Amino acid sequence: MNPRWLPWSLLASAGLLLLTALPRLPSAWREALLVAALGGMLLAIYFAHRLAHRVGAMRQQLHELNEQLESLNVELAAQQRRRLALIDGLPIPLLICDEDAMLRYVNRVALEWFGFRYITGKSLLALTFCYDLYLLMLKAARRMSTVTGEVTLSFPKERHVEVTIWYLGEADSHHLFAIALLDKSELLRLEQVRRDFVANVSHEFRTPLASIRSLAETIHDDPSMPQETRQRFLSLIIQEADRLTRIADDLLTLARVESTVPEKEVFDLEPLIQQAMQEMAAEAQRHQVHMQAELQPLKLFANRDQILQVVLNLLSNAIRYNKPNGRVIVRSYLQEDQAVIEVEDTGIGIPSEALPRIFERFYRVDKTRSRATGGTGLGLAIVKHIVEAHGGTVEVESEYRVGSTFRVRLPATIDGGASSGAAETAPA
Ligand SMILES: Nc1ncnc2c1ncn2[C@@H]1O[C@H](COP(=O)(O)OP(=O)(O)OP(=O)(O)O)[C@@H](O)[C@H]1O
Ligand SMILES: [Mg+2]
């Protein structure tokens with residue numbers, strides 16, 4: 001029976017009770033009416049009980065629904081946090097903005113890129129200062145579809161960027177778009193470096209090849225050439241061929257250093273430097289340069305051959321770009337957990353404008369002088385690559401016409417044990 005009848009049964013009981021109050025009612029009727037009213041009240045109690053039960057059940061249902069809603073809310077908030085963590089963790093800048101190019105969210109990398117700490121109330125233009133990007137965004141908003149393009153950002157530093165903008169959906173009656181930026185500057189720079197390198201290599205090979213060809217042609221075209229001249233030309237051909245071999249060898253060394261992880265061992269630095277000085281002794285004598293050493297006993301965990309190559313290249317420069325009666329001092333010492341190898345000379349020095357370029361491949365301050373002494377312009381590039389492959393650094397101080405100091409810093413190894421400052425450790 002439906003509890004909706006509760007008021008009716010109450011009303012009926014009340015009506016029956018009122019009827020019992022009639023003055024001339026026979027007592028049998030009054031009793032009958034009283035019994036009926038009692039029955040109506042019992043029915044009302046029954047309905048009230050059913051109603052209370054139903055209300056209780058509904059309250060329970062409501063409570064369960066509330067709990068479900070709460071856990072749904074918690075799950076939604078967790079999902080939102082996961083989504084933001086995903087966006088924040090992306091290694092590329094990602095910006096989310098509405099159709100009016102007002103920013104809604106930007107990830108951590110994007111904030112770092114543009115040097116901001118928050119974006120509240122900012123527009124895309126105010127964050128990036130890039131009108132082309134702003135126009136691309138408006139284009140995506142107009143088309144409501146994915147748009148790609150390339151723009152150059154100039155704030156806070158110049159970056160050549162590939163942009164992809166796509167439609168995300170609607171939120172708070174706004175259309176949202178995601179903007180992903182991909183920095184192509186490094187790629188373009190490397191592409192340029194590669195092109196320059198190929199051009200440089202071709203140029204470096206072409207010069208000796210042209211000399212060899214013209215010398216051979218002269219010998220070929222003149223059978224009656226005096227023996228003395230022929231001998232001179234032939235030795236020039238040999239010199240140029242040697243030069244080609246040196247360039248090829250240096251290029252191979254560079255390629256090997258670049259493409260392989262150095263095989264390391266623990267060794268004493270002092271005997272290695274002495275070995276390099278011995279190998280360069282004849283060259284030093286030829287250039288009338290005096291070499292001296294101030295060496296502290298140190299151990300390195302490194303590739304011995306490659307470190308020998310570093311010292312040889314630095315010594316060879318210090319001797320070849322020196323003055324007669326000049327001096328070269330080689331030092332080795334420990335500084336802040338780093339093994340330092342220092343090669344100081346009293347040579348011709350390097351002009352300050354050339355200093356940032358001397359570690360570039362094929363770069364020579366004075367091409368004629370370098371070539372005359374057999375230089376290929378690859379020595380310092382090899383030094384830099386070897387040192388960096390060992391987790392070290394190389395720096396130079398120089399005063400034009402006074403002298404230069406090259407300083408190599410490598411992670412030092414103490415007692416043949418742990419290699420401090422480096423991620424690796426030496427074998428026990
Ligand atoms: N100690 C130095 N004093 C003065 N100039 C130097 C010194 N070391 C290097 N340079 C300059 O830097 C240039 C690059 O040196 P690098 O060793 O790379 O090439 P290189 O000596 O010309 O040829 P090589 O490949 O035979 O070493 C040299 O040509 C020279 O102009
Ligand atoms: Mg050199």
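1. A word on terms before the tour: the domain bounds used here come from an automatic or database domain assignment. For the protein chain, that assignment gives domain 1 (3-82), domain 2 (91-183), domain 3 (188-260) and domain 4 (262-428).

2. Please keep in mind that this is a predicted model. The protein chain has a mean pLDDT of 91, with 96% of its residues at 70 or more. One stretch to read with care is 416-428, where the pLDDT is below 50. Beyond near neighbours in sequence, those residues have 26 contacts in the model.

3. Now to the sheet. Its 5 strands form an open arrangement in the order S2-S1-S5-S4-S3, and the pairing is antiparallel. Which strands stand at the edges? They are S2 (103-106) and S3 (147-153); each has a single partner strand, so one side of each is left without a neighbour in the sheet. On average, neighbouring strands of the sheet are turned by 25° against each other, direction ignored.

4. Next, the contact between domain 3 and domain 4. Their C-alpha centres lie 27 Å apart, and 12 residues of domain 3 are in contact with 11 residues of domain 4. On the domain 3 side, helix H6 (185-221) and helix H7 (227-259) each supply at least two residues. Which of these helices gives the largest share of that side? The answer is H7, with 9 residues. By residue class, the side of domain 3 that touches domain 4 divides into 5 nonpolar, 2 polar and 5 charged.

5. Finally, ligand 1. There are 24 residues around this ligand, and the ones that come nearest are Asn317, Arg364, Val365, Gly375 and Gly379. Two helices, H9 (304-320) and H11 (379-389), are the elements that give two or more residues to the shell.

Note on methods. Residues are numbered from 1 along each chain as its sequence is written. Chains are lettered from A and ligands numbered from 1 in the order in which they are written. This is a predicted model: local features need pLDDT of at least 70, side-chain atom pairs count only at pLDDT 80 or more; totals for chains, interfaces and linings use all residues. Two strands pair if DSSP finds at least two bridges between them. Helices (H or I, at least four residues) and strands (E, at least two) are DSSP runs, numbered from the N terminus. Axes are lines fitted to C-alpha atoms, for helices over the stretch in contact, and angles run from 0 to 180 degrees between N-to-C directions. A residue is near a molecule or strand if its C-beta atom, placed from the backbone, lies within 6 Å of it. Two residues are in contact if their C-beta atoms, placed from the backbone, lie within 7 Å. Ala, Val, Leu, Ile, Met, Phe, Trp, Tyr, Cys and Pro count as nonpolar, Asp, Glu, Lys and Arg as charged, and the others, Gly among them, as polar. pLDDT is the predictor's confidence in each residue, from 0 to 100.
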